[in-house]
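Me: Please show the sequence and the model. After that I would like to ask what the terms rest on.

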Amino acid sequence: MVTTLSGDSAKSVGIQISIIVPVFNEALLIRPFLQHLHERAPGAEIIVADGGSSDGTDRLATGLCDRFVQSEPGRARQMNTGALAARGEIVWFVHVDARLPLKCLDEISHIMDDPNVVGGYFRIRLPRGLVYRLTDSFAHYAGILLRIRCGDHGIFCRRSAFLDIGGFPEVPLMEDVEFYRRLHRCGRVQYSEQRIIVSPRRYEALGRTRLTLAYGLLATLYVFGIPFSVLARIYKRMCCDAREVNCSGRVINQ
């Protein structure tokens, strides 16, 4: 199925957009999120990239996505598998616990209208609260300075650029940051002032201040070139619970 934008969007733009959603055991969220995608991004091709869920995520996604693809656990592998299955000119990577802005496809099409732009992302918004305001503001301005963006921002790019840079590197973590930096070397990356609403579920589970400081520490160490193996150990200790690590010790759901 090759999808094109429908309704008013189809009249104004001709860019085909594929949305790739990496999931792992997301039975509680998958159906409401896919319904949300149909409401906010009508006409986009929806690809669910599963990392071996055992809770019925595959069954629950049936009928609400255009394609359901499977790979070994790990967001990089899942997103690469999903992107390779995509038929759109633009691939957009979105987390299952996000809430997308209205007319998001029009916004992406407007940004990608410039042939010098190879990709982009949205700003994020966490719920109300001082720590959350500091977190999403820091994520934006520090990210511009350091050229760091994580997957919560809904990174999108031309499929040709995705192939040129070899997709997401299969590293233990921060594959989205590495991907973003490689994309920057391909051409201009533009952000949207529209906001993706980010779920606070990890912050609430592990502690708002703790997770904010942990992310800041990891970003700082990454910029200074600390090896991914070391970053992964720090992430596992500070940002994970037992359910998110498989028997080999690899983080399976960042």
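**Terms and values**

Me: Leaving aside neighbours within four places in sequence, which residues is Leu34 in contact with, and what makes it a contact?

Reply: Leu34 is in contact with Ile46, Val48, Ala61, Leu64 and Cys65, with neighbours within four places in sequence left aside. Contact means heavy atoms within 4.5 Å. This is a predicted model, in which local features need pLDDT of at least 70 and side-chain atom pairs count only at pLDDT 80 or more, while totals for chains, interfaces and linings use all residues. Residues are numbered from 1 along each chain as its sequence is written, and side-chain values use heavy atoms, with hydrogens and water left out.

Me: What is called a nonpolar core, and which residues touch the most other members of the largest one?

Reply: A nonpolar core is a set of buried Ala, Val, Leu, Ile, Met, Phe, Trp, Tyr and Cys residues joined through side-chain atoms within 4.5 Å. In the largest one, with 32 residues, Leu34 and Trp92 touch the most other members. Two or more residues each come from β1 (17-23), α2 (30-40), β2 (45-50), α3 (57-61), β4 (90-93), α5 (104-112) and β5 (117-125). The largest share of this core, five residues, is that of α5. Another core of 23 residues lies apart from it and includes Ile20, Met79, Val118 and Ile165.

Me: Why is Ser53 called buried?

Reply: Buried means under 20% relative accessible area, with exposed over 50% and partly exposed in between (1.4 Å probe, protein chains only). Ser53 has 15%, so Ser53 counts as buried. Ser53 is located in the loop between β2 and α3. Beyond its neighbours within four places in sequence, Ser53 is in contact with Val23, Phe24 and Asn25.

Me: How do you know that α5 is mostly covered?

Reply: Seven of the nine residues of α5 are buried. They are Cys104, Leu105, Glu107, Ile108, Ser109, Ile111 and Met112. Among the elements that cover them are β1, α2, β4, β5, β6 and β7. In the whole chain of 254 residues, 51% count as buried.

Me: What counts as a helix or a strand, and how many are there?

Reply: Helices (H or I, at least four residues) and strands (E, at least two) are DSSP runs, numbered from the N terminus. The chain has 11 helices and seven strands.

Me: Why are α10 and α11 called roughly antiparallel?

Reply: Axes are lines fitted to C-alpha atoms, for helices over the stretch in contact, and angles run from 0 to 180 degrees between N-to-C directions. Angles under 35 degrees count as roughly parallel, over 145 as roughly antiparallel, 65 to 115 as roughly perpendicular and the rest as oblique. The axes of α10 (residues 208-223) and α11 (residues 228-239) cross at roughly 175° and come within 10 Å. The two helices are therefore roughly antiparallel to each other.

Me: What makes β3 and β7 edge strands?

Reply: Two strands pair if DSSP finds at least two bridges between them. The open sheet has seven strands in the order β3-β2-β1-β4-β6-β5-β7, with mixed pairing. β3 (67-70) and β7 (188-197) each have a single partner strand, so one side of each has no neighbour in the sheet. From one strand to the next, the twist averages 20°.

Me: How do you know that β2 and β3 pair?

Reply: Four bridges link β2 and β3 in the parallel sense, and the rule asks for at least two. Val69 in β3 is the bridge partner of Ala49.
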